[in-house]
Structure formats: C-alpha cells, structure tokens
Amino acid sequence: MTDAVITVILTQVVTILDEQIRQEIRLVTGVGKEVKKLKTEFESIKAVLVDAEKRRVEDETVKVWLDNIKDVSYDTEDVLSEWLTAIRKAQIHGLQNPSKIHSFLTLPCVGFNRVAHRRDIAIKIKKINERLASIATDRLRNKKTSLNIMSVIGLGGIGKTTLAQVAYNSSEVIREFDLRIWVCVLEHFDEVRIAKAILEDVEGSAPYLFELETAARRIRQCIRGKKFLLVLDDVWTEDFRKWEQLWNTLSTGSPGSAVLVTTRSERVAKAMGSSYDLRLEELSRNDSWTLFEKIAFHERSREECKRFEVVGRQISDKCKGRPLTVRTIASLMRSKTSLQDWSEVLASEIWALKEAKGLFPPLMLSYDDLHPSLKPCFLFCAVFPKDHVIKADDLIKLWMAQGYLESSDPSVAMEDLGHEYLQNLAMRSFFQDMKTEKDGNRIVSVKMHDMVHDFAHYLTKNECSILEVTSDLERKIELGHERARHMTLIRSEDGPFPKVPNVERLSTYWVQSFYDSPPIVSKDDRVEAEFFDRLPRLKALDLSRNRIGELAKEIGNLVLLKFLNLSHNPIHELPDSLCELYNLQTLKLSACSRLRKLPQGIGKLVNLRHVEIDRTDSLKTLPKGIGEMESLQTLSKFVVGCGKDTIGEATCKIADLNKLNDLRGCLKIEGLGCVTNVDEAKTAKLHEKSSLVDVEMNFSPANKIERQEEVIEALEPQKNLQCLQISSYKGLKLPKWIMTLTDLRKLCLKDCPSCADLPPLGRLPSLETLHIEGMSSVKVLGIEFLGVGAEKSTAFPMLKQLKMLRMESWEEWKISSDNESERFEMMPRLRCLKIVHCAKLKALPVDILRKRSIGKLRIEQCSRRLEEDYYRETGVELSKIPHIAKIRVCY
C-alpha cells in the first residue's frame with residue numbers, strides 16, 4: 001500500500017514541477033527547493049521499500065520505520081492533492097478571465113482561501129521534509145546502537161578542527177581506542193573517496209579501488225573487533241542516505257567505537273544521527289585578549305606590552321571572538337614595533353568590509369602588510385585543493401619555477417630563500433597544521449585553513465582554477481576559467497587522460513588523479529603529442545599518479561618548463577627530447593618503478609638543481625653526464641655502474657660524484673660492490689659535501705669482496721652527518737670513521753654478514769635510533785658495544801629506538817660484569833625495543849626492561865626461553881610488564 005501512495009506522490013510532484021516550468025510559475029520563495037528535496041527523498045524510500053517490507057517481520061526497527069513512512073506518505077499525498085487542486089482551479093479561472101491568468105499562476109493559492117492560504121503549502125511541505133529527515137535519523141540511530149556519533153558545530157574559523165585534533169591526539173584517546181582514523185570530507189562529498197581515505201589511514205597506503213562495496217568490505221575486515229575513533233572533519237552534506245552504507249560498514253567495530261563530526265550546520269549533525277552536539281561559540285572578550293596577547297606580545301618587554309595594551313585590546317575586540325581571526329591579526333601585530341603602526345591597524349577601513357565573497361578583513365590586513373615578494377607566493381597556494389597537505393619542498397620548487405625566489409644576493413640559494421618565505425607566511429598564520437623536522441628548524445608540510453583558502457581564491461579568481469573533470473568541463477572553462485594562468489584539474493578515477501580547451505595561457509598545469517590516489521584503468525594512459533604543443537608558456541607541469549606509460553617526444557617543445565613531476569607513473573624510459581628543456585630546474589621521477597634509464601644527454605641540462613629518482617628499482621645505471629651537472633642539489637640516488645649499460649653507453653662511476661659538492665639532504669649510493677679502485681672512491685670526496693645529512697651506502701653486487709674494507713674507509717662522509725645506512729657490506733669490520741660522527745642521530749647496519757664485532761656505538765653522543773639487521777656473524781653483544789670507559793659515563797645517552805632483526809647467530813647480550821653496572825648508566829631515554837627473528841638469544845637484560853622510559857616492547861620469532869628466563873628472574877610475565885604500555889610477544 002505504501003508503495004502505491006509513494007508512486008502517486010512522485011507523479012504529483014512531477015506534475016507540479018512540469019507545470020511550474022511550462023507556465024513559468026514563480027513559486028513561493030523556497031518552495032521549489034523543498035519540492036525537489038521531497039521528490040529525492042521519496043525516490044530513495046521507494047528504492048529500498050521492497051527490501052524493507054521483507055524484513056519488517058523479523059526486525060522491529062524496520063517495522064517502526066515503515067509505519068512512520070506510511071503516515072508521512074498519506075499526509076504528503078493530501079498536501080500535494082490540495083496544491084494540484086489549487087493549480088487547476090487557477091488555470092480554469094484564468095481561461096475564464098484571461099487578463100488575470102498571470103497573477104493567479106504566479107501564486108496559485110491566492111484567491112482560493114477555502115483550499116489553502118497564501119503560505120500554507122510552503123509550510124506544510126517544509127514540515128514534511130523535516131519529518132522525513134527525523135525518520136531517517138531515527139533509523140540510523142536505531143540500526144547501530146554501539147556506535148557513538150558526536151558533533152562539533154560552529155562557524156568557520158571558530159576552532160572546530162583544532163578542538164577535534166586536541167581530542168584525537170590526547171593520551172586518553174590513544175589509550176582508549178585501538179584505531180584512530182582522520183578523514184577530511186569537504187564540500188564535494190564522495191563515498192568512495194571517504195572509504196578509501198579510511199583505508200589509507202588504517203593500512204598506511206592508498207588502495208587501488210574505485211567501487212564502494214569493495215572498499216567497504218576491506219574496511220569491515222580492518223576494523224572487525226576493534227574499538228575505533230573516526231573523525232569526519234568538515235562535513236557539509238545533509239543527505240542522510242549518503243552515510244547509510246558507511247554506518248553499516250562500521251558496524252563490525254567493537255562496542256564503544258565513536259565517530260566525531262565537525263560541521264558548520266546543525267542539519268548535518270541531525271542527518272548523521274548525532275547523539276551529542278557541542279556548539280562552539282565565539283570566544284569571550286577576556287579569552288580573545290588572552291589569545292591575542294600571547295601571540296602579539298611574544299618576546300616583547302614588559303614596558304612594550306604596557307604601552308600597546310590599550311590599542312591591543314581594541315584590536316582584539318574587533319576580531320569578534322573568532323580564534324582564527326584573533327590568531328591571524330595577532331600574528332600581524334607581532335611584527336609591528338611602533339604605537340603608530342598599531343593605531344593604523346585599528347583605524348583601517350578594512351574592518352568595515354563585509355565577509356562576503358570570502359573576503360576576510362583580518363586576512364586582508366595581513367595580506368596587505370606582506371612584503372611584495374611574499375604576496376605572489378601566498379596567492380600561488382590557491383592552486384592546491386582544499387585540505388591538501390602541501391609539501392614544503394614541492395611548494396618552494398614551484399615558487400622557483402614561477403620566478404618568485406630571485407635574490408639579489410647570489411650567495412643565498414633560492415631554496416633557502418623559499419624556506420625563509422614559507423616560515424614568514426606561517427608566522428603570519430596563513431598556514432596551519434605545520435609539520436617540522438625533528439629539530440623544529442625547517443617546515444616539512446603545511447595546510448591552509450578553509451577560510452584562508454577561500455580568501456586566496458577570492459584574490460586569484462581569474463588566475464587560479466581548480467576544476468573537476470566532468471561532462472561540462474569545456475563549458476566551465478568558457479564561463480570563467482579561460483583566463484586562468486594556474487590550473488589544477490581533478491580527474492575522475494576511471495576516465496581517460498582529460499583533453500582541456502583554452503590552456504595556451506597556462507603557466508602551471510597539474511592533472512591531479514582523484515585526490516592523489518592512482519586511477520584504475522585497464523591499460524596505461526598516454527598523453528598525446530598535441531597536449532604539449534598547446535602549452536607554450538608552461539613553467540610547471542605535474543602529471544604524477546596518472547598511469548602514464550609513455551611520454552611523447554613533443555615534451556621537448558615546452559622550452560620554458562622549469563618544474564616537471566612524473567612521479568608514480570609506469571614509464572619505462574624518457575624521450576631524448578627531454579634534454580632540450582634547458583630551463584628545467586626540477587625533475588621528479590620518484591616511484592617510477594619501471595623506469596630503466598635516463599636520457600644519455602641529460603648532462604646538457606645545466607640548470608637542473610633537483611633530480612628525484614628514489615624508489616626506482618629498475619634504474620640500474622646512470623648516464624655519464626650526471627657527473628657534470630654541478631648545479632645539482634638533490635640527487636636522491638646515485639648508481640655506480642660496473643661497466644656500460646645494455647646498449648653500450650658509458651655509465652657513472654663513483655668518481656663522478658667528485659664535482660657534485662652542492663648536493664644536500666639525502667643521497668643513496670647503490671652499486672658500491674662494483675668499486676674496486678680505492679683511489680676512485682677517494683675521488684668522490686664525500687667528506688667535502690657538507691650539506692649532505694643522510695647517506696646510504698649499498699655494496700651490492702658483491703664483486704671483489706676483499707677490497708670492500710678499503711673502499712668504505714675511502715668513502716668517509718662529512719663529519720656532521722645525521723643519518724647513515726650501510727647495507728650488503730661484505731667486509732669483516734666496519735669503517736673507523738663511524739665513531740667520528742658525533743652528530744649522527746640514526747644508524748642502520750643491514751645485511752653485513754661478515755662483521756662479527758660491532759664498534760663501541762654506545763659512545764655516539766647524538767644517536768637516537770639504532771637498527772641492526774641481518775648481521776649473521778654477531779654472537780655476543782658485550783660491554784665493548786656499550787663503549788663505557790674507566791670513568792663513570794653513560795652508554796647510548798640519547799638512544800630512543802633499538803631494533804635487532806634477523807640476528808641468526810646472536811646468543812648473548814651482556815651489559816655488565818663484576819661491579820661494572822655501578823659505574824655507568826645505559827640507555828636512559830630508551831622508548832622502543834624490538835627484537836625479531838633472533839632464535840638463539842638466551843636471555844634479555846633485565847636492567848633494560850626495568851627502565852620506566854620504555855613504552856613499547858616487541859619480541860617475535862624468538863625462543864620461548866626469553867620469557868621463561870625473565871619470569872624466573874623477576875616473577876613477572878614478559879608480556880605483562882606493568883610499566884610498558886604496548887607489548888607484543890609471539891613465537
């Protein structure tokens with residue numbers, strides 16, 4: 001019966017909407033939207049009605065839902081019948097009085113008070129929609145009682161996301177939940193993207209999926225039996241149906257699992273079935289001042305603070321209690337040093353501007369105050385989609401490509417100037433969620449707040465465009481994007497590489513593949529030659545993650561190109577024409593796992609500063625010309641050839657590193673097993689490359705093993721090295737220079753099977769992480785390894801992580817002998833101890849496991865005698881040491 005009533009309702013709605021269009025009826029304000037919403041709701045109900053009817057006998061909640069739907073359906077049919085009657089009477093009256101037909105059709109209820117009053121219909125339909133939303137919410141709430149849904153509601157910039165982050169990262173939440181998942185939802189709602197984002201957070205990598213049910217099945221497996229917290233940040237959609245499958249998917253989690261939603265709309269919270277709502281209001285006047293004072297008066301003298309306080313309080317009041325506003329304007333005032341400057345900000349006319357069109361007065365004040373060189377750097381960030389994690393190095397290289405980092409001082413590298421600019425913008429609160437290096441000196445990544453992003457877009461509306469690839473893409477470009485200079489195109493998951501008109505003016509072009517995860521297509525994509533012919537002004541091109549298997553030779557026509565990103569593509573080789581891009585500064589080829597070689601003429605690219613070729617396992621040689629590129633600052637991998645490549649062309653030798661003294665950051669050297677000439681190793685002059693902080697030495701393939709000890713000694717790096725990995729080394733002893741690296745923070749020794757003795761690594765004063773794996777000749781770790789002397793000292797004073805893996809011969813771990821334990825302290829800061837596949841190890845040092853600093857212990861594939869010995873000595877089970885929060889023991 002309900003199905004029949006709904007069919008009548010849908011027919012009536014269609015009739016009303018058709019009549020509106022045909023007769024050009026102007027409905028009462030808001031009614032049109034409500035009618036369309038009504039139609040959508042009942043179409044959705046009709047789609048699940050048959051299944052619900054089958055389940056009503058065995059499921060009481062379904063029965064209640066059906067009864068409620070039946071009631072609202074009958075009421076809806078009555079209201080729509082009234083309206084249709086009013087329309088028909090108006091039409092008949094109009095035929096009899098042609099001069100009055102327009103007025104009657106404009107408001108079909110006017111003149112028929114016996115049927116309905118002027119706004120009765122609008123009110124009734126709105127109430128019906130509210131009843132439908134309530135029924136939907138109740139259904140969601142009744143279907144899974146173990147899932148707690150909470151909402152944080154408030155205006156933009158009020159601090160919703162910040163509050164959610166505080167909760168998400170709190171020690172109580174970390175302890176309480178097995179899994180924590182964070183997903184940014186944003187205005188464009190896509191169930192598949194959200195499901196994939198959940199999986200990416202849980203599994204650590206983006207899944208190659210594009211069907212919702214497939215993703216949902218994986219989510220159910222991942223969370224089954226686990227108590228989780230899911231944060232859905234910045235939710236906009238009010239359509240409850242879009243959440244229904246996700247809620248069903250999450251039902252496999254343990255009772256007590258929770259969803260925390262941040263949104264600007266109470267209707268969203270209601271549609272999602274929220275059981276607890278926290279409404280964030282504006283800060284009080286005193287709280288605003290406290291926040292403002294903390295930022296604006298940072299590192300000022302007491303006298304200065306007193307002098308600026310009166311004006312400062314007035315400025316703080318103008319921020320109207322919004323934390324983002326307070327933080328932004330306080331960051332601006334931090335750089336103002338005179339009372340006149342403060343008074344000018346207070347008196348600025350910008351405060352009178354409305355926040356329409358994304359124009360945010362405090363942001364405009366901060367923007368106007370920027371040095372002219374910083375303004376284009378900020379505005380360029382509008383090219384990134386909302387909530388995108390912006391990698392600092394990539395952003396700086398893109399600024400370089402646009403010519404924003406030209407310095408009058410030739411001694412200042414563009415990259416260093418870029419980091420200075422980024423730091424400056426961050427201090428002005430243009431960025432948030434900053435991630436820094438461990439020492440806190442350099443920013444690694446940032447995000448832009450939604451309102452800051454809107455502000456940047458407002459100022460660049462004709463210059464920067466972000467478009468999704470849809471059927472009406474060409475029309476969108478013609479309507480407002482044909483003047484764009486910087487364009488980001490978000491392609492669909494299963495569509496071909498997009499063809500876009502009117503791109504001739506572009507300076508930046510980024511084809512983003514479905515929010516940065518690879519598209520699924522049946523075969524590799526190809527970029528046609530004409531694509532490159534239509535981009536004569538292009539300076540930056542990002543085609544990463546687009547399944548491009550082949551690159552046309554016409555790429556050489558992009559003569560102005562300075563930035564090229566082809567990472568995460570299945571490219572086998574690059575065309576020789578790439579070597580015609582004389583202006584190229586950055587070439588990114590990370591994770592191009594099928595790439596077999598670089599063009600032989602790459603040495604002609606004298607302006608190339610960054611070559612990123614990490615995770616390119618098929619790249620076994622480098623062309624000889626690499627050694628002549630003296631401008632290189634980034635060369636993530638250097639492959640030493642054992643002769644010529646597959647077609648007989650010369651390849652790099654270790655000596656070709658000689659001229660590359662500007663290299664910085666990380667350098668992985670592969671193929672060191674090919675080096676037999678010690679003088680060539682010395683010629684590399686690694687000790688002169690003072691900006692290298694991370695070096696990996698890989699000694700495969702194993703040629704001339706007897707010379708490896710001399711070669712590794714000749715490869716001594718610069719003294720300030722922070723990270724070192726030595727792998728596949730076949731020498732009997734490790735190099736002496738290891739003990740001179742006083743700044744070394746991370747050391748990894750992997751697959752060095754002939755080294756039976758380890759140096760006194762406990763003396764390294766800065767070492768924080770020690771990873772020893774596959775050293776199959778080591779039988780004993782004793783006092784010598786700790787490096788303690790006759791005087792009282794500390795072994796491994798800064799060590800936080802110790803990992804010992806695949807130590808097949810390791811039997812004993814001695815940390816003290818007669819009275820020696822009283823003379824030194826050992827590993828006072830150790831947090832994590834991991835021992836895996838060490839089957840012969842007889843016992844663990846009790847003194848280490850007693851350390852209160854340890855929070856994580858993992859012992860796997862070892863002998864059970866470790867547990868038995870520990871229990872015999874302490875009376876405590878190894879898996880239940882009370883002061884260690886996370887313990888995993890399995891044999």
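I began with Trp289 and Phe297 and found both buried, where buried means under 20% relative accessible area, exposed over 50% and partly exposed in between, with a 1.4 Å probe and protein chains only. I noted that the model is predicted, that local features need pLDDT of at least 70 and side-chain atom pairs pLDDT 80 or more, while totals for chains, interfaces and linings use all residues. Residues are numbered from 1 along each chain as its sequence is written, and side-chain values use heavy atoms, with hydrogens and water left out.

Rings of Phe, Tyr and Trp (its six-membered ring) pair if their centres lie within 6.5 Å, and planes under 30 degrees apart count as stacked, over 60 as edge-to-face and the rest as tilted. Trp289 and Phe297 also belong to one aromatic cluster with Phe292, Phe308 and Trp342.

I then turned to Tyr367 and Phe378, whose ring centres are 6.1 Å apart with planes at 50°, so this pair is tilted. Tyr367 sits in helix α16 (residues 361-369) and Phe378 in helix α17 (residues 375-380), so the pair ties together parts 11 residues apart in sequence; helices are DSSP runs (H or I) of at least four residues and strands (E) of at least two, numbered from the N terminus. I found Tyr367 buried, and Phe378 as well.

Last, I checked Lys438, which is exposed, with a relative accessible area of 68%, and which lies in the loop between β7 (432-436) and β8 (443-447).
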